[in-house]
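Work through the following exercises with the sequence and the coordinates side by side. Try each task before reading its solution.

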Amino acid sequence: MRNFLLRRPVAGKALIVGALLALSVPGTAYANTVGVTVKTPGATAGPVAAFSEISTDAACASGLVSGGGINQAIGTGSSSNGNKINGTSPSPDGSTEYLGSTGVVGTDVTHWLGIGGSGGAVNASFSSTPYAMCFGSSLINHTQVVMNKLAGPTTGSTVGLVTATCPANTRLLGGGARITPADVGSLKPIASFPTFNNSAHGYGQKAAADGEGNPDSWSAVGWNGGGNSDNTTYAYAICSGNGINISGATVKVRHSEVSGPTAATAGQTVTVGCGGGDGKLIGGGAAISGGSVTTTNFTGPGSQGDHLNGSYPSDSGGNPVADGTTTAAYWSATTHTGGVSSPSTYSDAWALCADDGV
């Protein structure tokens, strides 16, 4: 009897010690199951006419879109000033756009649109390349798209900023921007970035800063060189699905801002990446601005003609990654001035880095 009574507490202690050891070693508790494959069909020529646009599509054969991008290549002639991004946005089927009622407009979306536009001049070497970030996670296995829109900007050199916010108890995974109509050659989105729907961030007016965690919103900024009463700016937030316990999931923001471009008909590239402990790259954003976008309300750049030419997954040197890449860790923004100088202008890039804590 004594031997029996002595053995039982010893066994219990061994089980308790084993459990404590398992909990004390983080590597045995969970592993980040987030995975992303970049899909792109390559470049499509265009737009080929002034005051027009071309819509291209990148599709996820497996996985869901967490974000996406576009590289609007600049022509080699002086008419490169007319080449601009008109949209980088989600789609349910590769052609349909979410332009109607606001709110949750789609679930489990698998396509990303890259929409390139032109101003008053075109060049034969213009091309549009879309990128889809095809997301997989054993925890976040459903997503939803939230859209918000703003009538404007209606006057020249005026910021038209609109913010889409994820539902409560979900995680922001990425986002996008769009402007309409296409035939207003001076109209373009000049910013698409993560933010927070709180007073510290001006309810979307200030962008998420480097190192901030779990933003809940996405802002888009329209910019116009002249007046038009029918302009509309759209913001899209890609969020985790409802009913998923995201308490252990984290999304960290990485941000970089550089000076320029300031000379007429000049470009700038800025690149930012996910560090070793940040998680996997799942999306990103871009802006051409008046600077200090994380500490002051967004202001426009120094010239009406300034525009974005790229917001895409890249290598550390700013080069777009290839189709099928599973190790992309950087996001790049390419910006461009118009035909006049642009003083006090800055370029920004954001990377979203995710760990689902599974």
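This is a predicted model: local features need pLDDT of at least 70, side-chain atom pairs count only at pLDDT 80 or more; totals for chains, interfaces and linings use all residues.

Residues are numbered from 1 along each chain as its sequence is written, and side-chain values use heavy atoms, with hydrogens and water left out.

**Exercise 1.** Find the disulfides of the whole structure and state which pattern they follow along the chain.

*Solution.* Start from the criterion, a pair of cysteine sulfur atoms within 2.5 Å; the search returns 3 disulfides. C60 is joined to C134 with an S to S distance of 2.0 Å, C166 to C239 at 2.1 Å, and C274 to C353 at 2.1 Å. Counting bonded cysteines along the chain then gives the pattern 1-2, 3-4, 5-6.

**Exercise 2.** Determine which parts of the chain the link between C274 and C353 connects, and whether its cysteines are buried or exposed.

*Solution.* First take the angle about the S-S bond, which is -90° and makes the link of C274 and C353 left-handed. Next place the ends, using strands defined as DSSP runs (E, at least two residues) numbered from the N terminus: C274 sits in the loop between β16 (267-273) and β17 (280-289), and C353 in strand β20, 79 residues apart. Finally apply the burial cut-off, under 20% relative accessible area with a 1.4 Å probe and protein chains only: C274, at 14%, is buried, and so is C353, at 0%.

**Exercise 3.** Describe the largest cavity by its volume and by the classes of its lining residues.

*Solution.* A cavity is a set of points on a 1 Å grid over the protein atoms alone where a 1.4 Å probe fits but cannot get out, and lining residues have an atom within 4 Å of a point. The volume, the space filled by probe spheres set on the points, is about 50 Å³ for the largest cavity. Its lining divides into 6 nonpolar, 3 polar and no charged residues, and β12 gives the largest share, 3 residues.

**Exercise 4.** Which strands pair with β5, and through how many bridges?

*Solution.* Two strands pair if DSSP finds at least two bridges between them. β5 runs antiparallel to β7 (residues 111-118), with 8 bridges, and antiparallel to β11 (residues 172-180), with 2 bridges. T88 has A177 of β11 as its bridge partner, and both T88 and A177 are among the residues lining the largest cavity.

Key:
On a 1 Å grid over the protein atoms alone, a cavity is a set of points where a 1.4 Å probe fits but cannot get out, and a pocket is an open set with protein on both sides within 12 Å along at least five of seven lines; lining residues have an atom within 4 Å of a point. Helices (H or I, at least four residues) and strands (E, at least two) are DSSP runs, numbered from the N terminus. Ala, Val, Leu, Ile, Met, Phe, Trp, Tyr, Cys and Pro count as nonpolar, Asp, Glu, Lys and Arg as charged, and the others, Gly among them, as polar. Buried means under 20% relative accessible area, exposed over 50%, partly exposed in between (1.4 Å probe, protein chains only).
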